[in-house]
Amino acid sequence: MKRFFSARKVRLYSGVLFAVVAGCTRAPQTQKPVAPVVPIARVWGERGAGAGEFTEPRALTVAPDGFVFVADTTGRIIKWTRDGKYVSSWRSPKLRYNQPEGPEGITVLHNGNLAFTNTHDSKVLIYTPGGKLIRSFGTYGTRPGQFLLVTGIVSDSDGFIYCADYGGAFDRISKWTQNGKLVATWTGHGEGPRQFRRPCGLAIARDAQGREGDLLVTDTNNHRLQRLDRKTGKFKGTIGTMGRGNGQLIYPFGVAVDKTGQIYVVEFGNHRVQKFSREGQWLASWGSAGRTPGKLANPRGIAVDRDQNVYIADTLNHRVQKFHF
């Protein structure tokens, strides 16, 4: 095993076995046998509030230019290069009870700006990539156009922003313009189609050519993903059931989609990542509870870059892990 250390607390670990060390299981026997995959796990940061450190990172996103933005529970947005070099950080100015409010979602808008959810302040904040606050939208409440606890966020190439919001009977998904004008609200609390129990992570599905499709929602406390038509909100199916087996989920928080449309889900309860086909067929998984590289502790956020590197907000390990296969 090789280790490389820098002043920015980045560590590189090679030979983290996909099938053994990281607890990965392979695809069903109906697929052709594939040689074991040996990923490289690059660990960024450690616990703290300084440069290159994290306090319970919850969400992250990768910009088209390759920069990675991570949001932690202190209300900071921390900018890194894709190679794990710390660049800069800033903190949300929105406070509640004189404490910063940790966001649970962050996304890059089609114009290059960033949007993140200031969860307990019931707002979405829009920043430049350099950290200048441009505007915010949302107030506390249950009426259309308001939020209770806004969590996940994603944007599409048409310029719309989608937000997940939870609060008992008011679990819902809302659709907005980038200027903060409400377009639609899809409310539903329960266990049925287009009903939620704490919706959280959001992603836009893609086809094999990379064209955008449905909205994917991690329905966290129902232990599944839901697929909705992103234009109408119509229910179009689910992925996963509660459990610890292949294709099953326990408290999925984050979801991401790569350029070929494959779907990645990070599970808070199972301390792992699962990979699904565009159609929702289980393909592979890796991760298990622990502190060493390749292990995870209640991870909440996930992102995939253009080269299909997978980034995990390893929340209770206070770090980010980057997996390259």
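Predicted model: local features only at pLDDT ≥ 70, side-chain atom pairs only at ≥ 80, totals over all residues.
Residues are numbered from 1 along each chain as its sequence is written, and side-chain values use heavy atoms, without hydrogens or water. Local features need pLDDT of at least 70 and side-chain atom pairs pLDDT 80 or more, while totals for chains, interfaces and linings use all residues.

The largest pocket holds about 1000 Å³ of space. A pocket is an open set of points on a 1 Å grid where a 1.4 Å probe fits, with protein on both sides within 12 Å along at least five of seven lines; lining residues have an atom within 4 Å of a point. Of its 44 lining residues, Thr 61, Val 62, Thr 107, Val 154 and Val 304 are the closest to the centre. The lining comprises 21 nonpolar, 13 polar and 10 charged residues. Strand 17 (199-206) gives the most, with six residues. Strands are DSSP runs (E, at least two residues).

Strand 9 also supplies at least two lining residues. Strands pair if DSSP finds at least two bridges between them. Three bridges join strand 9 to strand 10 (114-118). Here Ile 106 stands opposite Phe 116.

The largest nonpolar core has 13 residues. Such a core joins buried residues (under 20% relative accessible area, 1.4 Å probe, protein chains only) of the Ala, Val, Leu, Ile, Met, Phe, Trp, Tyr and Cys types through side-chain atoms within 4.5 Å. Trp 44, Phe 54 and Leu 60 are among those with the most contacts inside it. Strand 3 (57-62) supplies at least two core residues, and likewise at least two residues of the pocket lining.

Notes
Buried < 20%, exposed > 50% of the residue type's maximum accessible area, 1.4 Å probe, protein only. Helix = DSSP H or I, 4+ residues; strand = E, 2+ residues; numbered from the N terminus. Points joined across faces, edges and corners; volume = space filled by probe spheres on them. Nonpolar A, V, L, I, M, F, W, Y, C, P; charged D, E, K, R; others polar.
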